[in-house]
Amino acid sequence: MSSPTSLQAQPAPPNLEQLTRRLDDMWSSSASIARMEVEIVTPRQTRTMRMRVWTRGEDRALIVIEDPARDRGTATLRRDRNLWNYLPRISRTIRVPPSMMLGSWMGSDLTNDDLTQSSSYMDDFTGRVVGRSESPSGWLIRYEAREGVVGLWRRIEFVVNDDGTLPLEARYFDRRMRLARTMRFTEVREMDGRRIPTRMILIPHDREGHRTELHYLDMDFDANVPERTFSLTELERGR
Amino acid sequence: MSSTFVIAWRNLGRNRRRTALALAAIAIAQVSVLAIDGLMHGFVDSTLDSLTGPLMGHVQIHAPDFREERAPDLVIDDVDMRLTAVRRVQGVASAHARIYAPALAAQDVEGFAVVAVGVDFEAERAHGGLLEGLRGQTPGDREALIGEQLARQQGIEVGDELALVGTATDGSIANDLVRVAGILETPMEMISRSGVVMQLESAQEIFAMPDMAHEITVRGTGAPADAPALAARIRRAPTMGGLEVLPWMELAPELASFFSIAGLYGYFVMLIVFLAAAAGVANTMLMATFERRRELGMLLSLGTSPGRLVRIILIEAVLLGLFGVFIGCVIGGTIVAIQGAVGINPWASGDANVAIYGVSFNEAMYPRLLWSDYVPGFIGVSVVSILAALLPAIHAARLEPVEAMRR
């Protein structure tokens, strides 16, 4: 009774189903085109890339690097669970083998596997509202992987804002329940009619001093992206 | 004393069959000890030679944390200058730089994981180098040698073109094409399974590493055991500040402790063998004194002091032991010498691919003996013989002469 917060009216816990649906749908659309900036921070250097991203449905994506000039035109194509890299300088397309799916994508803290994930919190996890979270302040939601679902994460904890509309932080626990990475969601802005966090900061816990920031510059959630965008021939066609 | 010695010696000749059996037991024990010692030396020699040769050298230099993280941007910069400095250090036979860059490779569209290894071809072709025994032309710029297992697995042939994609040291995307100039057969597992070996300069260009490398491998003029002293000298050399300089024992601590465990095991075997020899001597001496009760009683009654009797029996036992060890040394030494001259190949059975510390072994090893290997046998058997004969000797000394002669 003495603490000032307890005197204020407590916000009501979020509706789990609504929240889960919102987390699943936050960035997804039938087709989208985005421009984003990726900042890769290591203890020794910081590198920034700018790229354009086309998506269609849950399992089609094409990422083309626009900047820096040295890497311009380098592209990654995702179709279902497959990933190809196109390298314009040697004009080669190379499929990423399963053995390298956990390797770094373009030197970032994202893995190739991250790019081919399309897991759904609704279908693949069981959620539970745990209670209030102190840091950051909000509601702590815990998602446990459903029995039989193959994935890297056994548990994902979200901290969402008081009204349960925006994620603030996500913590990813691996199969041995070790905290493997934290994702922070910041810079909430309205983009193409949606209020979304536009900067995501990924912190891997096994690599000290490493960080990857994903920053949406602009976004078209309702773009016309034909299926043929995601073909190998299109990948190799000069862009 | 000399007559004591003569009596002891003659006593051994009285039951020749029994003495021969005891000698044979002791000799066989010594032969086994020497054979194990010889094998052990041969094994340690060949293992150390292979490991501290091409793979590790005697001493390696890295940027701190490179060995744990294997991050391609943990580089040694100013490599040329540092190499010059290392080569000037007393006791350094050779020093050369290497690059290890993980990469995605592809012949067509299917990618596979490789490690691009940049080396100084000329230096690595010398004895103990990564490419020792490599014949033919040195690959040129943007040409590579492919590890034999990797080539077999991916169906890569000489003349093929390989695309390489990785992360450059500056964080950008390294990508280039290399032509396959040859297939590399090497005992180095990592190189054989995933190595794309190219000129240091090519690797430096592809991965944006001007005048940089990941590793400097140093071979000393001395034995592998001298590596810590060599490492200490290199550490004191100018321009080595901020780098990690380690002898092979610290690069592969498991290996170093493996060798000391192998040594302990040798002692353990020796202990068992000596116990067996002791049993042989004890048995022989018990029998000999028991048989000679009458005679020993006679000697005592004729005024031989019990002390002299003890000495006779002990000397007899020691002579027996030492003579047995001597025979064992001759036979064991000969066997090991023959093995050492011919070489034995413990890995030769079939296609067995025995890999120790990432180096697969298929070369013969050459057992050899140090002079010091002969010594423990003599000392051990002497001590053991005295202990084994002490009981019968004391028993003899305490004989009541008249009682003993009556039976």
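The structure is a predicted model, in which local features need pLDDT of at least 70, side-chain atom pairs count only at pLDDT 80 or more, and totals for chains, interfaces and linings use all residues. Residues are numbered from 1 along each chain as its sequence is written, chains are lettered from A and ligands numbered from 1 in the order in which they are written, and side-chain values use heavy atoms, with hydrogens and water left out. Helices (H or I, at least four residues) and strands (E, at least two) are DSSP runs, numbered from the N terminus.

**The interface of chains A and B**

- In chain A, 23 residues are in contact with 29 residues of chain B, where contact means heavy atoms within 4.5 Å.
- The two chains, A and B, bury about 2100 Å² between them, and 52% of this lies on carbon and sulfur atoms. Buried area is the accessible area (1.4 Å probe) that two parts lose on being put together, summed over both.
- The interface of chain A and chain B holds 4 salt bridges, a salt bridge being a side-chain nitrogen of Lys or Arg within 4 Å of a carboxyl oxygen of Asp or Glu.
- A:Arg44 and B:Asp73 form a salt bridge, with their closest N and O atoms 3.0 Å apart. This pair crosses between chains, from the loop between β1 and β2 (46-56) of chain A, which holds A:Arg44, to the loop between α3 (66-69) and α4 (79-88) of chain B, which holds B:Asp73.
- A:Arg44 is partly exposed at 37% relative accessibility, whereas B:Asp73 is buried at 15%. Here buried means under 20% relative accessible area, exposed means over 50%, and partly exposed lies in between (1.4 Å probe, protein chains only).
- B:Thr169, in the loop between β5 and β6 (173-184) of chain B, is buried, with a relative accessible area of 9%. Apart from its neighbours within four places in sequence, B:Thr169 is in contact with several residues, including A:Gln45, B:Pro72, B:Asp73 and B:Phe207.

**Salt bridges within the chains**

- Over all chains, the count comes to 42 salt bridges.
- One of them joins the side chains of A:Asp218 and A:Arg35, at 3.3 Å from N to O. A:Asp218 lies in strand β13 (residues 211-220) of chain A and A:Arg35 in strand β1 (residues 31-41) of chain A, so the pair ties together parts that are 183 residues apart in sequence.
- A:Asp218 is partly exposed at 34% relative accessibility, and A:Arg35 is partly exposed at 21%.
- In chain B, B:Asp141 forms a salt bridge with B:Arg142, their closest N and O atoms being 3.2 Å apart. B:Arg142 counts as partly exposed, at 22% relative accessibility.
- Salt bridges that share partners also link A:Arg142, A:Glu144, A:Arg155, A:Glu157, A:Glu169, A:Arg171 and A:Arg184 into one network.

**The second largest pocket**

- The second largest pocket has a volume of about 1000 Å³. On a 1 Å grid over the protein atoms alone, a pocket is an open set of points where a 1.4 Å probe fits, with protein on both sides within 12 Å along at least five of seven lines; lining residues have an atom within 4 Å of a point. Grid points are joined across faces, edges and corners, and a volume is the space filled by probe spheres set on the points.
- This pocket is lined by 43 residues, and the closest to its centre are A:Ser104, A:Gly107, B:Pro72, B:Pro102 and B:Thr167.
- Two or more lining residues come from each of β5 (82-87) of chain A and β2 (92-106) and β5 (161-167) of chain B. The largest share, 4 residues, comes from β2(B).
- The lining divides into 18 nonpolar, 16 polar and 9 charged residues. Ala, Val, Leu, Ile, Met, Phe, Trp, Tyr, Cys and Pro count as nonpolar, Asp, Glu, Lys and Arg as charged, and the others, Gly among them, as polar.

**Backbone features**

- Most residues other than glycine have a negative phi, and most peptide bonds are trans.
- The peptide bond from A:Asp67 to A:Pro68 is cis, with omega near 5°, and A:Pro68 sits in the loop between β3 (60-67) and β4 (75-79) of chain A.
- The bond from A:Ser135 to A:Pro136 is cis, with omega near -5°.
- A:Met106 has a positive phi, near 55°, and is buried, with a relative accessible area of 11%.
- B:Arg70 has a positive phi, near 55°, and is partly exposed at 42%.
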